[in-house]
Amino acid sequence: MILRAAKGLTFDDVLLAPRRSPVSSRGVVDTSTQLTPTIRLHIPIVSANMDTVTEAEMAIAMARHGGIGIIHRFMLVEQQAQQVRRVKRAEGFMVEHPYAIGPDASLAEARALMKRREVGGLVVIDAGGDLAGLITQRDLLLAPDALLRVHEVMTPRSRLITAPLGVTPAQAQALLFQHRLEKLPVLDAAGKLAGLITAQDLMKPEQFPHATKDDRGRLRVGAAIGVTPADRSRAEALLEAGADLLVLDIAHGHADHCLQMLQALRRDFPQAQIVAGNVATRAGAHDLAEAGADAIKVGIGPGSICTTRVVTGFGVPQLTAIIDSVAGVQDSGRDIPIIADGGIKTSGDLVKALAAGASTVMIGSLFAGCEESPGVPVIRDGQKVKVVRGMASLGAAMARRAAETLEQESAESQGEWDKVVPEGVEAVVPYRGQVHEILQQLVGGLRSGLSYGGAFTLPELWENAEFIEITPAGVRESRHHDVQKM
Ligand code: XMP
């Protein structure tokens with residue numbers, strides 16, 4: 001038995017001491033960082049691979065704003081691969097599912113739909129699901145009779161200029177200009193509608209200049225896998241679908257079977273970027289680094305919905321876990337980033353996690369209330385909320401089993417639930433609107449933090465950071481106090 005003399009510390013136990021700073025404005029600091037040795041992010045934020053946090057919609061929003069999302073693994077392989085494909089296909093300049101109307105709809109219906117959707121045109125799709133034509137506001141403008149049918153005034157397919165799937169923005173722009181068009185339907189190899197490019201979208205100044213993109217201009221996305229033999233083929237399917245990185249993610253990542261799986265993946269997919277975790281010790285980080293991880297995910301029990309520490313008695317306060325893991329990676333002689341996973345409640349926590357040596361942070365619950373997270377908001381006690389659940393909670397375990405078997409629970413397996421020992425809880429969080437609003441607050445806080453730390457970049461923050469352990473009085477003083485919050 002060993003009793004460590006040093007205390008384990010977490011975010012609320014410390015503050016960073018301000019330093020003399022050459023940073024004259026928050027605008028001049030650089031928040032970019034490495035997620036893995038080959039993947040760079042404009043902002044150091046990753047959305048968690050939890051089934052109430054990251055599927056395609058969240059991953060698209062995260063990548064557009066310079067971070068990245070990791071698609072959770074609690075669904076069938078083909079479903080997860082499909083989620084990855086959705087992110088990879090979400091090119092900004094093409095609308096993938098343009099608003100459509102049938103050829104026999106009335107012009108009044110077409111007008112109403114365009115008004116409701118605030119668009120200037122609709123694709124016309126026939127009963128067989130094929131593109132029949134295109135109708136725009138200009139077609140409607142001079143139509144003599146509101147009772148006319150769409151097919152009578154639309155531009156029929158035979159006269160439409162279309163582009164093949166894969167057309168580049170420059171080629172689309174040239175076609176639109178050459179034919180003086182505003183809209184360009186895109187067809188796949190089978191002649192089916194694959195999307196719509198509009199002049200307006202093309203001409204818009206780049207809306208997401210810092211998006212996280214691959215070398216083909218597609219948004220980047222990660223996908224989680226587990227350690228069972230079946231996860232080998234899951235990994236293959238996800239890489240095939242275009243996943244930019246795999247996250248080998250189990251609750252106790254410093255386990256022989258995790259290290260063996262990592263080595264096997266490294267051997268089978270030498271080109272893939274592979275993140276592994278979770279660990280919380282110097283030895284854990286060292287061993288994953290040595291086994292070939294491209295980044296290490298750190299955090300045992302700091303998450304808002306985690307009960308691992310209560311249930312098992314194991315865990316390391318997160319700030320200490322990050323600092324120790326950085327040392328473990330250094331011991332291995334490799335230069336790979338740390339992802340601080342869990343426990344981020346404020347932008348201050350984000351700054352502290354990074355100052356401790358992490359290159360990125362992974363966030364779950366703070367994003368679970370966003371519009372882009374899976375699930376819909378519900379009203380509880382008059383407040384709009386969304387659900388979040390730990391991936392080791394009973395609810396998540398049951399959903400996982402249901403997805404795996406895809407059939408009704410048998411009486412026998414119902415009985416097995418008694419034996420499940422959850423290490424997470426299910427909860428609700430306030431609905432928080434779109435994720436970019438939260439990102440803006442987090443990144444704003446980080447920019448300020450860098451200026452207090454006299455740092456233009458994250459490596460300079462690592463260099464400069466000086467933590468002070470504080471007392472409960474210090475914690476109290478750090479929050480608003482002796483006033484009534486409006
Ligand atoms: P936050 O605090 O951002 O943490 O919500 C997200 C991280 O929590 C971990 N996680 C769990 N840990 N039991 C645990 O002990 C669970 O059921 C559980 N579910 C998620 C995970 O690392 C996630 O990224």
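Begin at the ligand and select Ala392: one of its backbone N or O atoms lies 2.6 Å from a ligand oxygen atom, a polar contact being a pair of N or O atoms within 3.5 Å. The model is predicted, with local features requiring pLDDT of at least 70 and side-chain atom pairs pLDDT 80 or more, while totals for chains, interfaces and linings use all residues. Residues are numbered from 1 along each chain as its sequence is written, and side-chain values use heavy atoms, without hydrogens or water.

Select Met391 next; a polar backbone atom of Met391 is 2.7 Å from a nitrogen atom of the ligand. At Gly343, a backbone N or O atom lies 2.9 Å from a ligand oxygen atom. Of the 520 Å² of accessible area that the ligand has on its own, the protein covers 90% (Shrake-Rupley method, 1.4 Å probe).

Then colour by domain: the automatic or database assignment gives domain 1 as 11-90 + 211-377 + 436-478 and domain 2 as 100-202. Their centres, taken over C-alpha atoms, are 42 Å apart.

Finally, select Val361, which touches Pro44, Ile45 and Ile339, among others (contact: heavy atoms within 4.5 Å).

Key:
Polar contact = N/O pair within 3.5 Å; in protein donor to acceptor, adjacent residues only side chain to side chain. Lists of a residue's contacts leave out its neighbours within four places in sequence.
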